[in-house]
Amino acid sequence: MWLVIGLLAFAGIRAILWPPQQHQSEPKADSQTQTHQDEVPEAAAQQVASRYARSYLTWSQDNPKAREDELKRDLPTGADAKAGWNGEGTSLVAQTIPGDVSQTRPHQARVRVDVRVSTTTGTGKNARTLSSWRVLEVPVADSGGRVLVTGQPALVGLEQSTQWQAPPDPETDTAFTASTRAAVTDFLQAWATGTPGQTTAPGATIAPLGAGIKLHSLDGWAAQTGSGSHRTGIATVRWEFAGAELQQTYRITLAQVSANNASRWQVWQVTSQ
């Protein structure tokens with residue numbers, strides 16, 4: 001017993017004279033936060049890549065230096081501003097649409113840009129200009145808060161159409177369709193002439209279509225089966241626009257308006273189908 005008491009006493013004295021050292025663990029870095037900090041800012045990447053794509057696919061053999069001057073804006077100092085072009089031909093970019101930004105490495109990314117390009121072949125009476133969509137992938141990097149193009153862009157394939165199965169059309173209320181067709185036609189005529197407010201329900205806000213559009217015909221109107229003070233239908237409309245006829249489909253919501261013990265249906269909302 002005295003031996004046990006002696007050992008306990010010795011252990012207490014040892015703890016006082018030589019306390020155990022506290023090992024502080026180093027704080028672990030938040031991998032998600034670090035990854036986010038290493039990403040190239042998406043908005044800036046899209047802006048730079050879109051501008052560079054326009055300059056990159058625009059050239060004229062009559063003024064080759066113009067392209068180089070444009071490209072230098074978004075290239076690192078000392079980079080080759082010819083960017084792979086041999087100095088021949090004519091190409092003009094009409095539009096660029098920036099797309100996905102793929103983060104590839106810390107502070108580096110790849111931006112997909114859709115580009116509408118017009119190219120001219122031949123000269124004089126034999127000159128032909130063709131326009132087409134192209135897809136360009138542009139490598140970029142964040143350098144001290146500035147996004148730069150760091151390598152050669154590359155033309156890649158344009159995504160093709162795929163299959164899509166539309167949901168079945170809802171049932172049509174034949175009687176309601178017939179009774180409201182005139183109201184829909186009146187609205188479309190007023191909409192084309194810039195006075196939709198005359199035929200819309202109180203409280204509805206529908207902006208005019210703008211000048212140069214005329215209603216040719218209401219080719220189809222099918223109100224869906226339903227009830228209540230708001231009903232929806234699908235309208236197939238043919239406009240006269242820019243010397244042509246253009247058929248479009250709308251989803252139109254009607255609202256029931258009552259006054260003086262009488263009610264009528266007027267347009268409340270118009271959207272694409």
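**Strand E4 and its partners**

Strand E4 pairs with strand E6, residues 154-156, in the antiparallel sense, over three bridges. Keep in mind that this is a predicted model. In that pairing, Val135 has Val156 of E6 as its bridge partner.

Next, E3. Strand E3 covers residues 108-121, and strand E4 covers residues 128-143. The two run antiparallel and share 14 bridges. Pick out Gln108: across from Gln108 sits Ala141 in E4. E3 and E4 make a hairpin, with six residues between them. Look at Gly122 in that turn. Gly122 has a positive phi of about 80°.

Now E5. How many bridges join E4 to strand E5? Four, and the strands are antiparallel. E5 is residues 146-149. Here is Ala141 again. Ala141 stands opposite Leu148 in E5. So much for the bridges; now the turn. E4 and E5 also form a hairpin, with two residues between the strands. There, Gly144 takes a positive phi near 65°.

To recap Ala141: opposite Gln108 on one pairing, and opposite Leu148 on another.

Move on to Ala211. Where does Ala211 sit? In the loop between helix H5, residues 174-193, and strand E7, residues 213-223. Is Ala211 buried or exposed? Ala211 counts as exposed because its relative accessible area is 82%, and the cut-off for exposed is over 50%. Now find Gly194. Gly194 and Ala211 are 17 residues apart along the chain. Their C-alpha atoms are separated by 7.7 Å.

That's my tour. Questions, please.

Key
Residues are numbered from 1 along each chain as its sequence is written. This is a predicted model: local features need pLDDT of at least 70, side-chain atom pairs count only at pLDDT 80 or more; totals for chains, interfaces and linings use all residues. Side-chain values use heavy atoms; hydrogens and water are left out. Buried means under 20% relative accessible area, exposed over 50%, partly exposed in between (1.4 Å probe, protein chains only). Two strands pair if DSSP finds at least two bridges between them.
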